[in-house]
Every structure is written in C-alpha cells, then in structure tokens.
Amino acid sequence: MTSNPLPRPPETTRRLGDRPRPQWQTWVPLGLVVLSLLALAILPGAVARRTARLQSEVAERVTPVRNELHAFGLAFAREVLAFRAWALTGDTGFAEEFKRSAEDADRSLDAVARKLSGTDLAPLAAELRSTLVGWREMVRQIMESRIGRADPLADLSNQQRRVNAVLELSTRLDRRLGGWEEATARLTQSESRRQALVSLFLAMVALTATVAVAMLSVQSRRQARQLRYRAQEERALRDVARTLSAAVTVSEVAQRVVQAAVETTRGFGAYVEEARVQEVEVVAAEGRGGPPVGTRAPFPGSLTDAALHSGEATVVMEIGAIGEAMAPYLQGRCQRCTGLVVPLMGGTEVLGALVILRSSAQEAFGPNEVRHAQALGDLVSSALRRVTLLEQTERERKEKTALLESTAQGMWGMDGHGCATFLNSAAALTLGFTPEEVLGRPVHALVHHTRPDGTPYPESQCPMTRVMTTRERVLIAGELLWRKDGTSFLADYSAAPIVIGDEVQGAVVAFTDATERHRREREIRESEERFRALAESERHARESAETAVRTRDEVLAIVSHDLRNPLNTIALAVGALESGDVPAAEETRTIQVVRRAVDRMNRLIADLLDVAKLEAGQKLAIQPEPMDIRSVITETCDGLAAEAERKRQHLDCHLDERLPKAAGDKHRLIQVLANLVGNALKFSGEEGHVTVTATTEDGNVVVSVTDTGPGIAPEHLAQVFNPYWQARQTARLGAGLGLAIAKGIVEAHGGRIWATSGPGGGSTFAFTLPPLAEKPAEAASKDASARS
C-alpha cells in the first residue's frame, strides 16, 4: 500500500458541502483596481483631447467661416451701394467699384462654401450662391439697358427684394454657424463635468476593489491551506485508485480498500459487507474492532441496510445501536465505537457497505473525513463494478469457449478485414492448423484460395466474406476447403455476419467435412443411375421383344398374304388346266400367269433371305462389272413407265451425259432404283411427278429420286431404312423390305443412301456409287471418312 494517513485539516477548513470559491471572485476585484487606475490615468487625457478637438474644429472651421461670411456681407453692401450710385449718376467709376466689390464678395463666398463642404450647412451656402447669382443677373440686364431708359430707379423695389433675400440667407447662415459654435462650447463644458464625475466614480471603485483585494488576500491564505490538504487527499485517493485498478477479484478489491480506509482516515478498523440475497457477508477486514471475514448476518438490520436508507456516507455515533445484525460481533470487539458507513452502489444495484470504525478514545469523524470516505466509496463502487463485469465477462467467455469447443462442427471467426479472431479445436483438427497459426491472418488465403479446377478463388467472390457486405446468412454445400498440408476436402458450411448495433464487426463460419456424405451421395446417385439404366435397358429389351413379336406377326401376315395370292393364282390355273376347261388358245396365257406368280413368290422369298442376311450383319452378294449407270436408269424408267401412265403420273429422267462408268451389279442396282421409283409412284398419287436424276459429285455418281407425295415426318426419317417399318405405317402397301434391301445393296457397292423430306413437301431418296477406277471397299472407306 502506498497511501499515507492524511493530516488533520486546519480549523479554518470550510465545512462539508461548502463549494470552493470561484476564481472570478478573486480576479474581478483585482481587475477592477487595475481598470480603475488605468481609467484614472487615461480619462483626463482622452477628455482633454476631445475638448481640444472640438475647440480646434471651432477655430479651424466655424470662426473662419463666420469671418468670411462677415467679409461677404461688407463686400455685398459695397456692391449694392455702388450699383445704386451708378444708377443715380451714371458715373462709370461707380460701375468699376461695383465690379471690385462683386469680386470680393465672390472670394469670401467661395471660401465659405469650401469650408462648409460635406456639412449640413453646405446646401444653405449653395442657396446663398444661387440667390446672389440671380441678383447679379438682374443688375447686368439693367446696366446693359441703361441707355435710353427714362427712369433708372424704376425697378428699385424689385432690386431691394433680391438684396434682402441675399442678406436674409447670409444672416441665416451666420446664425447657424453661431449655434454650431455655442453647441461646441456646451459639449466642451459637458465633457469636463463628465470627466469629473467619472474620475470620482473610478476613485470609489478603486477604493472598494482595494478593500476587496485585501479581504481576498486573507481568504487566499486560508484556501492555500485547504488546497494543500485537498492535494494530499487527492494524492491518497489516486494511490487508492491505482491500487484498486490492479485488483481483479471482489475479495482483492475489498481487502485493499479496507487497508486504504484505515491508513487514510486513521481508523481503528474497517470492514466491507457484501450484500447477498437475504444476508450480508464480511468479505474483508482490517485493523481492530471489526467482525472476522466470513461473518454473515441477516440483511435487515445490517449496516448495509442502514446505509441504503440514508443514501450517503453516514456517521453512526454508536454503531451497535443501528447495526443490530452485526452488534453481537462488534460489541465485544469495539466498545462504544463510532462508525462511518459508506454505501457501495453499482448504479441501482446494492453491492454492500464500507464501514470505518473509530474507538471512543479517538475524535469523531469530521466533515472532511466523511467526504473523503464518500470519495473512497465511489472508487470502491467503480472498482467493484469493473471487477464484477470482468468476472462476468470472463465467465461468459469461458462458457462460450466451452460451447465452441464442445461442438463437432469446425468454427472460426473473422474481423471486418477477414482475419481470424478465433478457431475452435474441431476446425484446427480438420484443417491441420494450430490456432496460433491462424489468428490474425486472412482466413480466405489459408483455406479457401483455390477452386476445384485449380484456378484462384478471388476473395471478392468468396461467400464467407461477402456476408459482411450483404448482411445475409448463407448456406453452402459441397465447396472445397484446403488443409495446411495442401490437401483439400469437400465441406458444407454456413456463414453469418456479426452485427453490433448497426455496424458489421465481422463474420462467423461453421463447417463440417462433407467428404464421406458426398461419397455416399455419389454412390447412391451412381446406384440410382445404374438402376435407371438397367430399368431403361430392360424396358428397351421388353419393347424390342414386343416389337419383334408384333413385327413377326405382321410380317407373317403380310408374307402369308403375298404368298397366298400367287399360290391361289397357281392353284386356280392348274385346276383349270387339269379340268380341261381351258381352251387350247388360252393354255399358253394360263401357263404365263402361273410363271409370273412363281416369279413373285421367288422375289418375295429372295427379299426375305436378303433381309435375314442384313439382320445377321452380312453383306449382300453382288457381281460387279463395268457398266454405264445410264442404262440402269433408262431400263428402270422404261419398265415403270407403263405403271406411271396407268396411274396418270409423270415419270421424268434427267441424266448427265458426262456420267462416268461405274463398277456394279446391274441387276442389283436395277432392283434398288426400281424400289425407289416404285415407292415414289406408290405415294405420289394421281397427277404426281416423279423425277430421276443422275449427276456427278466429288467424283461419285449420285442418283436421286424425287416425288411430290405427302412426305415423311422428320422423326420417321431415321426409320425408313429399317426392315418392316413401311409395312406398319402404310396400310400394308408392301412388306417394308425394299428400302432395307436397297440400303444393303448400295452399301455393298461402297456407296451410301439417304432420304430427305418434310410433311407435305414430297421426298427425295438418293444414293452414291464410286467411279469405275476405285474398288468398292476403297470407295466405302473414303465415303465413311468424309461423313465422319
């Protein structure tokens, strides 16, 4: 402890509650003395200067003006007399006298006007000048008209009026100047009287101030003694405050304050009662007479209760009489002690009371001790509030730390600049960092710096730091975080801003390692995809099986129908031949009918065999030889011309004369082209147009068949070369084998076949053949490369 006992204050010390004398009460009398002396020194000179200035103004302006004005009056009088003498006698000598007098009058009047310029008499001087000019104008006219006048004095009355006007204005101006001179004299006298009065007043003020200064000198000596005591008291309080600032617990604060109380107030003893819910407990004691530490007593009847009723430091002359609850502990230790009880308050919260004891042999507590104890109590209350807040803050910090450490989620906090402020153990374990390695460093640069594709992840796009700008919480699933060793893992995290008042202080991030969960979800998705693929495959297989069954039934129905018709024809023809009912002339035709029926059956069976080969992945057999493709087209068109004519359709063939020869199986190519032209005629209807064209493109022969039929929907174009497709779509207009066989024949020649169409726009079927110089296999390879 550094505090020392305070000396007993002098008898002249003011009472408790007296306010210190304001400094203005000291400086005002001194200032009045100084100002009075300065005024007494300055005022006579100022008045003398003002009087001299007024007298100088009279001497320099008023008196000269009046002299000039008198001179003007004399000159004007001579001027009038000279004019009248001239008017009576006509003597030119009087005329010359008139001119000299007029010049003298002008000089005097000009001097008057100059000196009055800028004053309120300047307009009157100007009026005098104007009136004088009018008089002289009249005189000039009379003198000029003198010759020939019978009576020169006829206008004497008019002349006299003008002369009187000039004299009246001159007299008015002179009276005004006289008034100005008299006013200046009166002002000078007034200033002299005022100087005398002010000097008397200042002398009285100086005398009064001198008396006040003398009285203040006596009081200042008293206050100096009081200030020395106050300075010692304040030093003691500063020592106590410095000592209390180092305390970090309630018991430590209480112990230090009772020690300071005993030392600074020369107390017999001191102790602190801490208020609890229904009782008080002695938490610190020093000296003699007080109850031991740990003593508890009911709150009602305690000194803390008594201090709360008074609300301020109270002197208790017989402490056992008021503190009934503590009386048993005090009476045996401190007989007839005097107590100074100081309430300890934390705002509106009751903290307890500081009790300072003095024995009966000591003097009672005086006002200064009471004030000092009250100040000591205020320091204790402040220290107790601070320590209580520190303990509460530390307790809350430990609770929050325990809460953060107990969670399985990794968590870290960031300040407004994105630097880490805390890191719990789960986050440290998952990321591989120690808290010391992370605290104060930018978190984004440590754990969130790179995207999955290896490109940098800008901090401005990081959801963790953006929450401090948007002020909205975010939940992110499956984003990459990086460990200290450079490995990464998928994490699910949430980030929320920390807002205090209306200001964002930082953000908090909570995350979990989602690697295992994402692996399980990926496995589940893959299993679901495999299951869907298996189900889809099973569905396709089932649909294919169902389609195969339907196709088989349809093909069997079509084939049986197509075979039954020629068989019926053969059976009828043979029956007729056997019965002998056929005339000899008809036998040959009947045999031809049977032969055509047999040919139809052979073609159908051959088509079925060709399709079976194609479906088995085999190529159709061809016998290529050099040939002219034009002969194939011409023979096909000639063979189908009759059918087109029968259906009233138009069949046109356009052949390029420069078509190269090709290597091919003529009969197979006629089969292809006949199928394409036959289909075109079949679907074009009456008045339809079918055009066969043969051209050269990229060295290959391109043969196309275009019709004006209803066309084929885009979604069906990919199916037209599938076996049996036409049989299902065209109301049994064929077995649906022709296009599939045509595709097989063309591809066997090394070419390709395709179709283009649109609903209502007709259709075009085309195929290519390589030229004669190339083998079919080589041509097929080149064509495949070109298409890829």
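Which residues does Glu-281 touch, not counting residues up to four places away in sequence?

1. **What we're looking at.** This is a predicted model, where local features need pLDDT of at least 70 and side-chain atom pairs count only at pLDDT 80 or more, while totals for chains, interfaces and linings use all residues. Residues are numbered from 1 along each chain as its sequence is written, and side-chain values use heavy atoms, with hydrogens and water left out.

2. **Overall make-up.** The protein has 20 helices and 18 strands (DSSP runs numbered from the N terminus: H or I of at least four residues for helices, E of at least two for strands). Of its 788 residues, 37% count as buried; buried means under 20% relative accessible area, exposed over 50%, and partly exposed in between, using a 1.4 Å probe and protein chains only. Take the contacts (heavy atoms within 4.5 Å) between residues at least 6 apart in sequence: 65% of them join residues at least 24 apart.

3. **Glu-281.** Back to the opening question. Glu-281 sits in strand β2, residues 279-287. Leaving aside residues up to four places away in sequence, Glu-281 touches Val-272, Glu-273, Glu-274, Arg-276, Gly-294, Thr-295 and Arg-296. Its relative accessibility is 13%, so Glu-281 counts as buried.

4. **β1 with β6.** Strand β1 (residues 269-275) pairs with β6 in the antiparallel sense, over 6 bridges; pairing here requires that DSSP finds at least two bridges between the strands. One of the bridge partners to look up is Val-355 in β6, which goes with Tyr-271. Strand β6 (residues 349-358) is mostly covered, with 8 of its 10 residues buried.

5. **α2 against α3.** Helix α2 (residues 92-115) packs on helix α3 (residues 122-144) at about 165°, axes 12 Å apart. Axes are lines fitted to C-alpha atoms, for helices over the stretch in contact, and angles run from 0 to 180 degrees between N-to-C directions. The two helices are therefore roughly antiparallel (over 145 degrees; under 35 is roughly parallel, 65 to 115 roughly perpendicular, and the rest oblique). From α2, Phe-98, Ala-102, Ala-105, Asp-106, Leu-109 and Asp-110 meet Leu-128, Arg-129, Leu-132, Arg-136, Val-139 and Met-143 of α3. That contact divides into 8 nonpolar, no polar and 4 charged residues. For the classes, Ala, Val, Leu, Ile, Met, Phe, Trp, Tyr, Cys and Pro are nonpolar, Asp, Glu, Lys and Arg are charged, and the others, Gly among them, are polar.

6. **The five-stranded sheet.** There's an open sheet of 5 strands in the order β13-β15-β16-β18-β17, with mixed pairing. β13 (650-655) and β17 (753-757) stand at the edges with a single partner strand each, so one side of each has no neighbour in the sheet. Twist averages 15° from one strand to the next. Inside the sheet, β16 (residues 700-707) and β18 (residues 763-769) run antiparallel and are joined by 6 bridges, with Val-701 opposite Leu-769 in β18. Helix α17 (residues 666-684) packs on the sheet, touching β13, β15 (689-697), β16, β17 and β18, and its direction makes about 20° with that of β16.

7. **α17 against α19.** α17 also packs with helix α19 (residues 738-748), at about 145° and with axes 9 Å apart. Residues meeting across this contact include Val-672 and Leu-676 in α17, and Ile-741 and Ile-745 in α19. The contact divides into 7 nonpolar, 4 polar and 1 charged.
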